[in-house]
Amino acid sequence: MDGGTATASSQPSAVPGFVDQVITTCPAELANYQGCHTPYTLRQAYDIESLTKQGFTGKGQTVVVIVSFGSPTLQKDLDAFSRQFGLPQSRVQILSPLGTVPFNTQDSDMVGWATETTLDVQLIHAMAPEANIVVMTSPVSETQGVQGLPEFKQLEEYAVNHHLGQIFSQSWAASEATLADQAGQQLIKSYADFYKQTTLQDHWTIFVGTGDQGATDFADLNSTKLVNARNVTFPADVPWVTAVGGTTLASSQGATIEHAWSGSGGGFSKFFAQPDYQKALPSSVQAQSGGQRGLPDVSANADPSTGMSFYYNGNWSLTGGTSASTPTWAGLMAIANQLAGHPLGFINPTLYSLAQGAGEQQNFHDVTIGYNNNQSTKGGETVNVKGFQAVPGWDAVTGLGTPKGSSLLRNLAAATK
């Protein structure tokens with residue numbers, strides 16, 4: 001299935017097949033969560049509802065999700081989610097070219113991946129209700145260090161070589177601290193080379209979450225202890241990907257209030273130098289960066305207390321983490337590609353350009369409140385990492401900010417014509 005190469009006019013060719021339903025109330029099971037979002041309220045918050053009504057729903061585009069194991073209830077759960085919120089039924093394509101292992105419901109790692117897979121798919125469907133979704137599963141768990149990364153790269157290469165789509169949504173991460181050895185550095189270089197070709201020559205767009213530990217991340221291969229210093233994650237640190245951080249998206253008296261989520265991964269890479277598209281950032285940023293790649297590039301709702309409701313294996317929950325903000329952006333990208341009539345590929349230089357001067361207010365919600373300090377105890381050890389502050393313009397908590405979708409996506413599409 002090649003859903004990412006629409007070449008027709010940027011206008012929908014027929015009456016939209018999806019009749020939007022205004023559903024603003026979460027399921028009764030989530031009544032105690034005042035910050036709960038539905039697909040409609042999330043699209044409203046990021047100003048893409050006007051595009052939805054015009055038939056720009058990601059139709060003809062395909063988002064590819066890379067995960068370990070997947071979920072045996074994925075399609076059934078998506079069907080229930082779609083019925084609840086009046087979304088079109090969508091058939092997920094699940095591919096496992098590396099083989100599978102039996103799903104063990106008593107294995108917390110497998111269940112965690114199943115939950116991850118489910119929220120990824122449902123958020124993409126919420127934002128781009130008519131986009132195609134391909135889930136590619138690995139039989140090996142990706143944890144920290146190089147564990148699981150060779151298999152994920154094989155899946156990505158398979159997706160590109162078989163023209164399965166044009167957008168990757170990747171919510172997985174490994175701490176830079178666990179990839180500093182020779183094996184880690186070799187693998188990182190092979191990924192970076194592959195991502196450069198994939199974005200520039202094959203015209204894929206790659207979204208990656210920055211992690212959920214604020215300005216640090218794990219120090220060990222078992223993800224039990226945190227680095228007691230600033231530390232970012234791979235592959236969000238790769239300059240060829242669009243790194244996605246997180247915010248808290250709340251409502252008060254009908255108004256949307258957004259500030260940085262404290263768990264939003266962000267900072268400066270030890271592995272990658274500052275890319276050209278970040279060199280025009282202000283001197284205050286340059287003083288912090290030390291000439292290194294800064295992340296995130298952009299953000300979206302990631303606070304579990306203000307998440308979108310999703311359905312997994314008979315239960316309603318709230319999405320959370322940069323695992324939620326990443327597929328949000330992947331869904332937006334499906335709409336941008338539909339608007340353009342062709343895949344936009346590497347969007348980072350255009351994103352930064354659209355955030356300059358008056359364009360920033362037109363294209364982004366500039367998040368200026370909050371920080372990503374991490375003061376916590378894991379594995380019996382307490383860390384106290386001073387992170388970064390959300391400030392006007394780009395910052396190492398929320399990047400350029402969150403999307404004003406209608407304007408941003410149209411301008412992204414127009415910039416490539």
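The questions and answers below go through some local features of a predicted model.

Modeller: This is a predicted model, in which local features need pLDDT of at least 70 and side-chain atom pairs count only at pLDDT 80 or more, while totals for chains, interfaces and linings use all residues. Residues are numbered from 1 along each chain as its sequence is written, and side-chain values use heavy atoms, with hydrogens and water left out.

Colleague: How many aromatic pairs are there?

Modeller: Rings of Phe, Tyr and Trp (its six-membered ring) pair if their centres lie within 6.5 Å; planes under 30 degrees apart count as stacked, over 60 as edge-to-face and the rest as tilted. Ring pairs of this kind link Trp113, Phe152, Trp172, Tyr191, Phe194, Tyr195 and Phe234 into a cluster. By this rule, the count of aromatic pairs is 16.

Colleague: Are the rings of Phe268 and Phe388 stacked, tilted or edge-to-face, and why?

Modeller: A pair of aromatic rings is described by the distance of the centres and the angle of the planes. For Phe268 and Phe388 the centres are 5.7 Å apart and the planes stand at 75 degrees, so the pair is edge-to-face.

Colleague: Which parts of the chain does this pair link?

Modeller: Helices (H or I, at least four residues) and strands (E, at least two) are DSSP runs, numbered from the N terminus. Both Phe268 and Phe388 are buried, where buried means under 20% relative accessible area, exposed over 50% and partly exposed in between (1.4 Å probe, protein chains only). The two residues are 120 apart in the chain, and the pair links distant parts of it: strand S10 (residues 267–273), which holds Phe268, and, for Phe388, the loop between strand S17 (381–385) and strand S18 (402–403).

Colleague: Which residue has its charged end over the ring of Phe388?

Modeller: A charge sits over a ring if NZ of Lys or CZ of Arg is within 6 Å of the ring centre and within 35 degrees of the ring normal. Here the charged end lies 4.0 Å from the centre of the Phe388 ring, and the residue is Arg230.

Colleague: What distance separates the end C-alpha atoms of helix H6, and what span should its 19 residues have?

Modeller: The expected span of a helix is 1.5 Å times one less than its number of residues. Helix H6 (residues 182–200) should therefore span 27 Å, and this agrees with the distance between its end C-alpha atoms, 27 Å.

Colleague: Against which elements do the buried residues of H6 pack?

Modeller: The buried residues of H6 include Leu187, Ile188, Tyr191, Phe194 and Tyr195. Contact means heavy atoms within 4.5 Å. The elements against which the buried residues pack are helix H5 (149–161), strand S4 (167–170), strand S6 (205–209), strand S7 (233–234) and S10.

Colleague: Is the crossing of H4 and H8 left-handed or right-handed?

Modeller: Helix H4 (residues 108–127) and helix H8 (residues 322–340) pack at an angle of about 35 degrees, with their axes 8 Å apart; axes are lines fitted to C-alpha atoms, for helices over the stretch in contact, and angles run from 0 to 180 degrees between N-to-C directions. Residues that meet include Leu119 and Leu123 in H4, and Ala324 and Leu332 in H8. A crossing is left-handed if the near helix is turned anticlockwise from the far one by less than a right angle, and right-handed if clockwise. The crossing of H4 and H8 is right-handed.

Colleague: Is Ser269 buried or exposed?

Modeller: Ser269 is found in strand S10. Leaving aside its neighbours within four places in sequence, Ser269 has contacts that include Glu176, Val232 and Arg293. With a relative accessible area of 2%, Ser269 is buried.

Colleague: What is the relative accessibility of Ala126?

Modeller: Ala126 is found in helix H4. Beyond its neighbours within four places in sequence, Ala126 is in contact with residues including Pro39, Phe81 and Met308. Ala126 counts as buried, with a relative accessibility of 0%.

Colleague: What is omega for the peptide bond from Phe234 to Pro235?

Modeller: Pro235 is placed in the loop between S7 and strand S8 (242–252). The bond from Phe234 to Pro235 is cis, and omega is near 5 degrees.

Colleague: What is phi of Asp47?

Modeller: Most residues other than glycine have a negative phi, and most peptide bonds are trans. Asp47 lies in the loop between helix H1 (39–45) and H2, and is partly exposed, with a relative accessible area of 34%. Its phi is a positive value in a residue other than glycine, near 55 degrees.
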